[in-house]
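Dear colleague,

Please find below the structure that I am handing over to you. My notes on it follow directly after.

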Amino acid sequence: MTGPVHAPTTPGRPLRVAIIGGGPGGLYAAALLKRLDPNREITLWERNAPDVTFGFGVVLSDETLGGIEHADPVVHEALRQDFVRWDDIDIVHRGVRHRSGGHGFAALGRHRLLEILHARCRSLGVELRFSTEAPHIDRLAREYDLVVAADGVHSTTRESLAHVFRPHVATHHCRYIWLAADFAFDAFRFEIAETEHGVMQLHGYPFAADASTVIIEMHEEVWRAAGYDELPPQESMERCAKVFAEALRGRPLRSNSSAWTTFRTVVNDRWSHGNVVLLGDAAHTAHFSIGSGTKLAVEDALALAACLTEQPDVPRALAAYEEERRPVVASTQRAARASLEWFENLRLYLRQPPRQFAFNLLTRSRRVTHDNLRLRDARFTESVEREFGCPPGTPPMFTPFRLRGLTLRNRVVVSPMDMYSATDGVPGDFHLVHLGARALGGAGLVMTEMVCVSPEGRITPGCAGLYSGRQAEAWRRVTDFVHRQAPGTAIGVQLGHSGRKGSTKLMWEGMDEPLPTGNWPLVAASPLPYKPGGQTPRELSRAQLTDLREQFAAAAWRAARAGFDLLELHCAHGYLLSGFLSPLTNRRTDAYGGSLDRRLRFPLEVFDAVRAVWPAERPMTVRISATDWAEGGTTAEDAVAIARAFAAHGADAIDVSTGQVVAEERPEFGRSYQTPFADRIRHEVRIPVIAVGAISSWDDVNSLILAGRADLCALARPHLYDPHWTLHAAAEQGYEGPGAVWPAPYRAGSRRPRTGRTDAPRPRLSLSG
């Protein structure tokens, strides 16, 4: 099949539909399509017998069940009669069990789910062909009006049309096996076992009154070290049962043709081609730890059936289906990826206090948050806060944090944001108002934009500098205002050099585009332009490296005299020092290129020179790009090594950003998407970290801080939208305390003003009898 193919249709003739795959998604799609139009001719092929399935229990959310109830009350009623419901999650870590309630789960056996869907399809007149391979996709596309490929993670349809769907399949680092136990857990149970071979985990939940799903998972290295790769299935189960004997109450485990496997994340560039459409795991997968595989497939079926009813023809229906489902699936896959990676890196969190560990696990996907969990189970959340050290009534974000001789009154940082509004590198009234307003807004630390160490180190003609006394005096005006008018707020300076990304237009005139006139020569680790057609920088000589190091030190000395409380060295985003760190931008063959140790050499020399002149009691941080989001670039492992090197040289914290190193990057954007890199550095290097990247709500900040994934959270765009973001976060949480102090002239605004007329309380207009 090389192009869109449609079966010949006759106006008014009922739709003929072929469905490949008899899992829940395919069966439910068949039932819905037939129910919505009984005249449709629907045939489903399933290669296995009707009683063959893999896995045991299926979890569905109340939201999904509501959709099923609305779409097909008969199926919903049959499900309702068999569902097992529970509210609690148990986390067992180092012999301590913590229970969190209010979560609301519903599950039933996978066999029973399929029986219900088989019966519903037959009652509606769907033709079910079990133990039968579906005809080739080309034939189905010719003979049917619509072909629904619900043939799972190993979809032959997807592979046959890979050139069209363009699948991306990632295999991950843990091994897991689906098993069952003949008793019902009374909660969703996560149990951690620290064995001589490494960490193993159990995921368990009930799916019947007398049965539970049990998934055993461990890192590939642990799986091999423990010998599971060589054990026969029965012995493998028996060994798992011994490891988790207490959780299983001494009961054995049973299998259903189960085998150890690795999870595969499936993403497709397209979900439909002609009259062929992918559904469920054939189109996308989400890690089992968030229980969304069947949920997504059922919701796909609902959306597909609705779009075929609402749209005038199949092509528009498939386009509408994909447009509707893609954002939902992408969001779920981001949450699933975060959860998957949390379990892959479980060893990093073992030393956390048990309650914090439990909170970290519960919020791992970022779908459950601090505020959400507080509503579900206030007692549990308050116990985590007490263990963390939050004073009564104090949200985690308003707890103080100390870096060297500087104590920040809260965990909020106004992230560095280039304003492109300086003249000859001198900050003016705009900078005073911009930074002053955000200091008055309550953040614990306000950072300047990247302040350049030389005229040639500017990104644009509007970038600020610290290479002259006049500039230092102008910055002193800003720091004096912050210290005088916003006491308790610290102000930090970020020092950097543009490297190969300099001599460009102001952001709103064309970001990263060369100046039409007045360009200055660029220097970098290697003579590589940032973008095709851009200026090629000169490779820095050893003498020039020495000069640059001295420029950084001189700027740091001026920054100290200008009154800054903290200094950050900018080694991220493809600017000069970042250009030395990335193998994509450093092609040198001398002592400053090659291995990571050599690529680190010049940034560390600059750090040492700056630290030598920066006052000993004032902290110094380093911003890094923890990944280049490009093949062959900096990896998460490299980022840990880079952070460890700066920590060894005296960095007080690492500000963990990502990307912007090469123009061809492919970032995986999403809420708090850079936080996992900060989390890993914090736990592997044991150094405080600043998390950045699409952190937009105070709930996110509280969640990240309390879970121990970050020590400080830097926000940029939210502070452009609302300079008083931190104070408003305090007001919205009902917090009044030393972590968020309203300036005296603004105290009258510390309560949200009423807007418009309200109808309550109403006057009494009649007498009661």
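Is Arg97 buried, partly exposed or exposed? Please note that this is a predicted model. Arg97 has a relative accessible area of 47%, and therefore counts as partly exposed. Its salt-bridge partner Asp90, with closest N and O atoms 3.5 Å apart, is buried, because its relative accessibility is 1%. In general, side chains of opposite charge can pair when their charged atoms come close.

The count of salt bridges comes to 44. Two further pairs deserve mention.

Arg158 forms a salt bridge with Glu159, where the closest N and O atoms are 3.3 Å apart. Arg158 is buried at 1% relative accessibility, whereas Glu159 is partly exposed at 45%.

Arg623 and Glu568 also form a salt bridge, with 3.7 Å between the closest N and O atoms. Arg623 lies in strand E26 (residues 620-625) and Glu568 in strand E25 (residues 566-571), so this pair ties together parts that are 55 residues apart in sequence. Both partners are buried: Arg623 has a relative accessible area of 5%, and Glu568 has one of 1%.

Turning to the strands, six of them form an open sheet with mixed pairing, in the order E8-E2-E1-E9-E17-E16. Strand E8 (127-130) and strand E16 (272-273) are the edge strands, since each pairs on one side only. Within the sheet, strand E1 (residues 16-20) runs parallel to strand E9 (residues 146-149), and the two pair over four bridges. Ala18 stands opposite Val147 in E9.

Among the helices, H11 (residues 314-344) has 31 residues. At 1.5 Å a residue, H11 should span 45 Å; the end C-alpha atoms are 41 Å apart, which agrees. H11 also bends by about 35° at Arg325, and a proline, Pro327, follows within four residues.

Finally, which residues make the nonpolar surface patch of about 350 Å²? The patch is made by Met507, Trp508 and Met511. Met507 is found in helix H17 (residues 507-510) and is partly exposed, with a relative accessible area of 40%.

With kind regards

Note on methods:
Residues are numbered from 1 along each chain as its sequence is written. This is a predicted model: local features need pLDDT of at least 70, side-chain atom pairs count only at pLDDT 80 or more; totals for chains, interfaces and linings use all residues. Side-chain values use heavy atoms; hydrogens and water are left out. The expected span of a helix is 1.5 Å times one less than its number of residues. The bend at a residue is the angle between axes fitted to the seven residues ending there and the seven starting there. Patches are made of residues with over 30% relative accessible area and no salt bridge: like charges are joined within 9 Å, nonpolar side chains (Val, Leu, Ile, Met, Phe, Trp, Tyr) within 5 Å. Accessible areas come from the Shrake-Rupley method with a 1.4 Å probe; for residues, only the protein chains shown count as cover. A salt bridge is a side-chain nitrogen of Lys or Arg within 4 Å of a carboxyl oxygen of Asp or Glu. Buried means under 20% relative accessible area, exposed over 50%, partly exposed in between (1.4 Å probe, protein chains only). Two strands pair if DSSP finds at least two bridges between them.
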